[in-house]
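Here is a quick tour of a few spots worth a look. Have the viewer open and follow along.

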Amino acid sequence: MKRRAVAIGVGLLLAYGILGFAAAFALASSSKAAATGTTSSTTEDTTTETTTTTTTSPPTTTPSPRPEPALIAPGVQVGNVLVGWLTPRLAAQKVERAFACPLQLVVSPTRRIEVTPRKLGARAQIEKAIRRARSARPGVVVSLDVDVSWNRIHTYVEELGRSLDRQPVDAKVVLRGLVPDVVPSADGRRLRRLKNALELRLALKTHVRDSIPLAFSVLRPKVTAAKLGPAIVIERGSNTLLFYKRETLDRTFRVATGQPAYPTPLGSFVIVVKERDPWWYPPPSPWAAGESPIPPGPGNPLGTRWMGLSAPDVGIHGTPDAASIGYSASHGCIRMHIPDAEWLFNHVTVGTPVFIVAR
């Protein structure tokens, strides 16, 4: 019995060994077939081999999505521009647009001038400010530094002043028709260079784009309408002198004017000199050649008063030759009766306008 049991055990061990070897061989064959791509099929009489070629594609790599840029914290400002909840790029564009807005310069209620920061040589450090804004806490105001060219601002203001400065205009009397008319005075102005340059610099530094009223100094005229005195109109054709108080005719005088060979000049003149008891000096004219000066006195051809005009060698004066009044009898001057000349002398000043017309 013992021998039979041992024989059975040995037989079982051999059977298990043969089965294990066969399984290992089959597994090895299967692995080899998979590696070579060859499939074998065996029948009782024929073995058929089929070879399959497998193309191996390179592995496909899916790009990882780009990370979204971080938004600037809510409520953050750069200068006076709100950039919260914006990306740095959009924030920089918004700040650039705001800074590039032109400054509005007010010349008068009806006139304004625009000037850009670029023309004034101003440059904002936007990149630096955005870098600070990216790490700023909510609600923080980040300063926007601005580089300003003082020379560019000064040059611009100087050019602006040359175009805006106005000289004052004195009041004057002009002849309209045959009647003197007063043209009123007008104030002048001068742009205040330094003050306006400082205002522009401050606006650029603080990013202000409110209207900036330009500052001017007022230049007053020397002669106003209130200071204007009388005016004289001389009608050469009718030998008449008209004395006006502003636009109102006050006195009329008969006079003598120049003879045809020496006509009294036509035009607008002023009294430039007044003399009491004048000397008479021969003018540089052929008719006075060889004549000598005549001192004041009864025989003086200028009478007792001389009112010289801005026309050369022409004036208003008295005359001892009363018979010449009302005629074209002089050598270009305007002769008056001596009492009339003395009255006129007392009522005019140097600068009184004198209009001589052909009528």
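This is a predicted model: local features need pLDDT of at least 70, side-chain atom pairs count only at pLDDT 80 or more; totals for chains, interfaces and linings use all residues.

Start at helix α5, which spans residues 193-206 and includes Leu194. With a relative accessibility of 57%, Leu194 falls in the exposed class, because that class begins over 50%.

## A strand under cover

Now for strand β20, residues 305-309. Buried or exposed? Mostly covered: 5 of its 5 residues are buried. The cover is on both faces, with Arg305, Met307 and Leu309 buried on one side and Trp306 and Gly308 buried on the other.

What does β20 pair with? One partner is strand β19 (residues 267-276), which pairs with β20 in the antiparallel sense over 5 bridges. Within that pairing, Trp306 of β20 is the bridge partner of Glu275. Another partner is strand β21 (residues 315-318), also antiparallel to β20 and joined to it by 3 bridges. Here Ile316 of β21 sits opposite Met307. β20 and β21 make a hairpin, with 5 residues between the two strands. Look in the turn for Asp313, whose phi is positive at about 60°.

## Just past the hairpin

Ser324 belongs to the loop that links β21 to β22 (328-330). Its relative accessible area is 5%, so Ser324 counts as buried, the limit being under 20%.

Which residues does Ser324 touch, once neighbours within four places in sequence are set aside? The contacts are Ala256, Thr319, Ala329 and Arg335. With Arg335 there is also a polar contact between the side chains, at 3.1 Å.

Elsewhere, 3 strands come together as an open sheet with mixed pairing, in the order β4-β3-β8. The edges belong to β4 (81-82) and β8 (141-142); each has a single partner strand, so one side of each has no neighbour in the sheet.

As a reminder, strands in a sheet pair through backbone hydrogen bonds, running either parallel or antiparallel. How do β3 and β8 run? Strand β3 (residues 77-78) is parallel to β8, and 2 bridges join them.

Methods: Residues are numbered from 1 along each chain as its sequence is written. Side-chain values use heavy atoms; hydrogens and water are left out. Helices (H or I, at least four residues) and strands (E, at least two) are DSSP runs, numbered from the N terminus. Buried means under 20% relative accessible area, exposed over 50%, partly exposed in between (1.4 Å probe, protein chains only). Two strands pair if DSSP finds at least two bridges between them. A polar contact is a pair of N or O atoms within 3.5 Å; within protein, one must be able to donate a hydrogen and the other to accept it, and residues adjacent in sequence count only if both atoms are side-chain atoms. Contact means heavy atoms within 4.5 Å.
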